[in-house]
Amino acid sequence: MGRVRQTQISDLPGAVLTSIFSLVSDSRTRNNMALACRDWYLLERQTRSSLMLRGNVCNLMSLPHSFRNITQLDLSCCSPWGYSVFQSTSTGGEMVGQLLREAFPKVKDVAIYVRDAVDIQMVAWLWPEVESLRLVRWHQRAMEPGSGMEIGTEVECLLKCQNLRKLDLSQFYCWTEDIPPALETETATAANLLYLDLLKISPEGFKTTEITAITLACKNLEQLFLLCQFDPRYLDSVGNQALATLATNCPRLRVLHLVDSSEWGALRSDLNDDFAEEDANVTRQGLGTMFKSLPHLEGLALILGQNARNSGPALEQLFSHCTKLTSLQLSQFHGLWFGPQEDGIAAGSRLTELTIKNSVDLSDSSLAAIGRGCKRLKKLCLRGCRGITEEGVRECVSSLSKTLIDVEIFCCRLLPGLETLRALEPIRNSIQRLHLDCVWDVEVVALQARLSSTPVQSYMPRRYTDDDRLRCENGESADLF
């Protein structure tokens, strides 16, 4: 009897292989698949949808032409970095643009470094049908008077792309006052935007009048990320009025992130045991008014730099009106839970992700209530919560042992690394991602050991020295115990 030939993956019909290849998203895996044989090489090129170019823009002859079905193109890492993609060669910007358009005719999602308004005008000319655009520029904008274009027209040129649905300016350095006039000028494009990211756009955050203008022009937004000026010491700072206006102008929002401008400059040493110096102009009444106008909200981040006191009742309104909410991030919110029942933050029974930062009065009892009330939590992040201890974290994660797989705990004064690991013991077999402080606080360990009448020498780690750090950098192990 002859040997039966085994079926191989290459025997599958072409349509089935195409479907399999299209489901692979990891770039390294796709590159390895393309090396198997020529048929797989062609199939990988045919099914790839995203590509990042890192070569020198002067070497236009090396531009690949086999990725004809690319829809997502990233040109933000082309070298030499800091030079315009369209103005770095002697052939001229139009020639570069023509080559890019011929090599990638189906592009709908573009990420590109732009130096000035001329580059933005080239982007709008090159990809007029683009639907998603991310601009990158980490330095101050060019001020060449001979460029022939005013600086304030940068974003206005960008909005000439009438099919634009997603605009990401989080890595694009510009002035906050340039954004509202551009959106008000190109009203049709602004009204079509569904995604707008304006985080890290400038050292200063947007104020009330600017937020009002932005949200009034972009009424159909579903995802909005804003850098705000919550500090009440500034004129026109963001408060209850701005939040109510934002929610009224954009009632279709599903994801909303409002971040105070001081968040990006905060250092670890800035964290302290007390409340912030100022109270924000955001009250529980103002928050409740905003939540009532956002029934479709699924993800919310309110990262303040000032105190928001007695916020528990406002959070109850949030969970009552926003029944689809699954992700919540809060910073400088105090009075999250009063007890003894599951009220305040513990009323978020539908939450799957929860982040609490810089909550001074968050206690072990609050964590225990969160564990009892938020039964669906998959991710829990605690940062700068100085009142929680190993006991509270252990009780919380024990209640969430069936769902919790992602934990972040750092900058918590009473939770050094060793204590945190002991508190997470109930989920040690199920946890998939862990982020914690590798700061072994000998003084805290010694204090807690004395209080529990346990010999310190049995588990107290030694200090992490410069020699240990050098050995780790050289690939060697450093014994911390």
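Me: How much accessible surface does the chain have, and what share of it belongs to carbon and sulfur atoms?
Reply: This is a predicted model, and its chain has an accessible surface of about 23,800 Å². Carbon and sulfur atoms account for 51% of that.

Me: OK, and how many helices and strands are there?
Reply: There are 17 helices and 14 strands in the chain.

Me: What percentage of the residues is buried?
Reply: Of the 481 residues in the chain, 48% are buried.

Me: Which residues have the most contacts inside the largest nonpolar core?
Reply: Those are Phe104, Ile112, Trp127, Ile179, Leu256, Leu318 and Ile345, in a core of 115 residues. Helix α5, residues 117-126, gives the largest share of this core, with five residues.

Me: Which residues sit in the second, separate core?
Reply: That one has seven residues, including Tyr195, Phe225, Leu227 and Val259. As background, nonpolar side chains in soluble globular proteins tend to be buried together.

Me: Ile214 is in α9, I think. Is α9 mostly covered or mostly uncovered?
Reply: Mostly covered: α9 spans residues 208-217, and seven of its 10 residues are buried. Ile214 is one of the buried ones, along with Thr208, Glu210, Ile211, Ala213, Thr215 and Ala217.

Me: What classes of residue make up the lining of the largest cavity?
Reply: Seven are nonpolar and five are polar, with no charged residues.

Me: And the second largest pocket, how much space is in there?
Reply: About 210 Å³. Among its 15 lining residues, Leu53, Gly55, Asn56, Val57 and Leu63 are the closest to the centre. By class, that lining has 10 nonpolar residues, four polar and one charged.

Me: Last one. Of the contacts between residues at least 6 apart in sequence, what share joins residues at least 24 apart?
Reply: That share is 75% in this chain.

Conventions. Residues numbered from 1 in each chain as written. Predicted model: local features only at pLDDT ≥ 70, side-chain atom pairs only at ≥ 80, totals over all residues. Heavy atoms only, no water. Helix = DSSP H or I, 4+ residues; strand = E, 2+ residues; numbered from the N terminus. Buried < 20%, exposed > 50% of the residue type's maximum accessible area, 1.4 Å probe, protein only. Contact = heavy atoms within 4.5 Å. Areas by Shrake-Rupley, 256 points an atom, 1.4 Å probe, with all protein chains shown as cover. 1 Å grid on protein atoms, 1.4 Å probe; cavity = no way out; pocket = protein on both sides within 12 Å on 5 of 7 lines; lining within 4 Å. Points joined across faces, edges and corners; volume = space filled by probe spheres on them. Nonpolar A, V, L, I, M, F, W, Y, C, P; charged D, E, K, R; others polar. Core = buried A, V, L, I, M, F, W, Y, C linked by side-chain atoms within 4.5 Å.
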